[in-house]
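Here is a brisk report on a structure. Please look at the sequence and the model first.

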Amino acid sequence: MRADRNERAPLPLTIAAAAGLLFLHLPILLIFVYAFTTEDKSYAWPPPGFTTKWFAVTWNRPDVWEALTLSVKVASISTAVALVLGTLCAAAVSRTKFFGRETISLLVILPIALPGIITGIALRSAFSLAEIPFSTWTIVLGHATFCVVVVYNNAVARFRRTSASLIEASMDLGADGFQTFRYVILPNIGTALLAGGMLAFALSFDEVIVTTFTAGQQATLPIWMLEELVRPRQRPVTNVVAMVVVIVTFLPILAAFYLTRDGDQIAGAGK
Amino acid sequence: MTTAVSFSQVSRHYGAVKAVDRVDLDVREGEFFAMLGPSGSGKTTSLRLIAGFEQPTAGHIEIFGETAEGVPPYRRNVNTVFQDYALFPHLNVVDNVAYGLMVRGVAKAERRRAAEEVLAMVKLPGYGDRRPGQLSGGQRQRVALARALVNRPKVLLLDEPLGALDLKLREQMQEELKALQRQLGITFVFVTHDQGEALSMADRVAVFSEGRITQVGTPQEIYQRPASRFVADFVGSSNVLPPDFVQRYCGQRGWGSLRPESIRIQADASGDGVPARVLSKSYLGAATRVVLDADGLRINAILPAGARLPDDGEAVVLTFNRETLHVMGGEG
């Protein structure tokens, strides 16, 4: 047995670590607990009783489904747009030298550094100036501004570690542009794109600020939750939705973590 | 004899930089052709022009009689061994080697068999399932060679392929490459900055300097009769002698080239020959290099092991056979 006394952390440290973890995760656990409470007007502690009826109620609420569908749709389209634009931009910036390259690199990253409220106001005024009516597409556009950054950052890092002569080698051996992309570029940047895409999806899925400025009458899931909290009716429904979202998003985040870790090993193996 | 690769007045300029400038070149079918020169002399750009990664800004390139301008790399029957090998890190060795066959749509079993065959040829049988990351530098080099040969190219381009290997391995690979070239009969175009490598391996050598070819010839011609001061100095560090010196000792006028190993040193300072003073000596193993000062002219001599070594500062006389002093034509 390796667990001898010297290797065990001292008691105060253990307590401090446990307290830190509790501080981080207790609020999330509370959300889970309130999903089962019998009381639906306010969040009373301790909950007077436990029930699973809110799951059925949630299932039958059309507004939940509408918000969820819109969020998934917006996140999917924004991620798809970001994957295409982010990859192309990363390829251009890391593969070639041209006038203003550093500026473009900075401009692409800027939206994530800017406060969301600025991006939101800017987009809203731009849409009204151009007389574009608010719709799902304006939300997608708003989300794409920061989703592109995430994909771009992941892709550019991977491109920089991938030797340029791999592409030349592929062409030299008889592969045309499409084959080179399919058999050499994609396998080398694939895990980076997957990780970037998942992160982009997650960012878009819980975005509130930019969405409030770019959405019309529609509500994405986070906006719906915000509205729901103000209304003292069937409050545990919000908690049920939150709980399901936490559980469902936890898996892809875990997957992204493992994928990029393996990706580092693959990319480093050739050098 | 057919011409494998032909350049006529080929230039590749990047703005004001003339990477390759009005180069004429003929590589014969089946020969081992070396492009030798210092870095930035245009040899690698010339190679990339043949491969199709670069397009000439002027001039005309033919590969086996067919115009090469505008033909993309994947439609040229030419393959390259890259300086950094450029093995695909996500594929194992056999898939790397079979890549060229895969993109051409050769069936899996057939391309695996062909890949194993070429791997055996480069002395790496049974390595097929490994990843490039698991191989040593020398093994990766062999995989890169196998991958380029699997398509049976008409011309194989090698971009300083031995640069990253240690001396022992490099010498061994030089032998093997030469044997492989004889066996396959494929035209090899080999880029190197190592004059020893070029002289020992090639049938013919082109010496590049500042985007131009200064001399093309057999290794013997290049070494014994350098066409210019640059060639004399770059290939084998010859002593480049000014016209006055050459006229005094040889009777002809023009720049001269005298190989260090052609010089003999006599201790008797009153004898016939070139009076000089010993500046320094460096021990090379099989020989010793002696640096001398002949009336302001710096001269290198190489003495074989066993010869009597003069002391530093000693006054000596240098002698050499007239024939070993090569007088370069023109301005030099």
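## A salt bridge within one helix

Because B:Glu116 and B:Arg112 are four residues apart in helix α4 (residues 108-121) of chain B, about one helical turn separates them. They form a salt bridge, with the closest N and O atoms 3.4 Å apart. The term salt bridge stands for a side-chain nitrogen of Lys or Arg within 4 Å of a carboxyl oxygen of Asp or Glu. Helices (H or I, at least four residues) and strands (E, at least two) are DSSP runs, numbered from the N terminus.

B:Glu116 is partly exposed, at 26% relative accessible area. B:Arg112 is partly exposed too, at 37%. Here buried means under 20% relative accessible area, exposed means over 50%, and partly exposed lies in between (1.4 Å probe, protein chains only).

## Basis of the model

This is a predicted model, in which local features need pLDDT of at least 70 and side-chain atom pairs count only at pLDDT 80 or more, while totals for chains, interfaces and linings use all residues. Residues are numbered from 1 along each chain as its sequence is written, chains are lettered from A and ligands numbered from 1 in the order in which they are written, and side-chain values use heavy atoms, leaving out hydrogens and water.

## Other salt bridges

B:Glu176 forms a salt bridge with B:Arg142, the closest N and O atoms being 2.9 Å apart. B:Glu176 lies in helix α6 (residues 167-184) of chain B and B:Arg142 in helix α5 (residues 137-149) of chain B, so the pair ties together parts 34 residues apart in sequence. Both B:Glu176 and B:Arg142 are buried. Salt bridges with shared partners also link A:Glu168, B:Arg12, B:Arg48 and B:Glu54 into one network.

In chain A, the side chains of A:Arg101 and A:Glu102 meet in a salt bridge (3.5 Å, N to O). A:Glu102 is exposed, with a relative accessible area of 54%. Over all chains, the search finds 20 salt bridges.

## The four-stranded sheet of chain B

An open sheet of four strands runs in the order β2-β1-β4-β5 (chain B), with antiparallel pairing. β2 (17-28) and β5 (66-67) of chain B stand at the edges with a single partner strand each, so one side of each has no neighbour in the sheet. Two strands pair if DSSP finds at least two bridges between them.

Two bridges join β4 (residues 58-63) of chain B to β5(B). B:Glu62 has B:Thr67 as its bridge partner in β5(B). Helix α1 (residues 43-51) of chain B lies across β1 (3-14), β2 and β4 of chain B, at about 120° to β1(B). Contact means heavy atoms within 4.5 Å. Axes are lines fitted to C-alpha atoms, for helices over the stretch in contact, and angles run from 0 to 180 degrees between N-to-C directions.

## A hairpin in chain B

β15 (residues 287-294) and β16 of chain B pair antiparallel over eight bridges. They form a hairpin with two residues between them, and B:Asp295 in the turn has a positive phi of about 55°. B:Leu292 has B:Ile299 as its bridge partner in β16(B).

Strand β16 (residues 297-304) of chain B has two faces. B:Leu297, B:Ile299, B:Ala301 and B:Leu303 make the covered one. B:Arg298, B:Asn300, B:Ile302 and B:Pro304 make the uncovered one.
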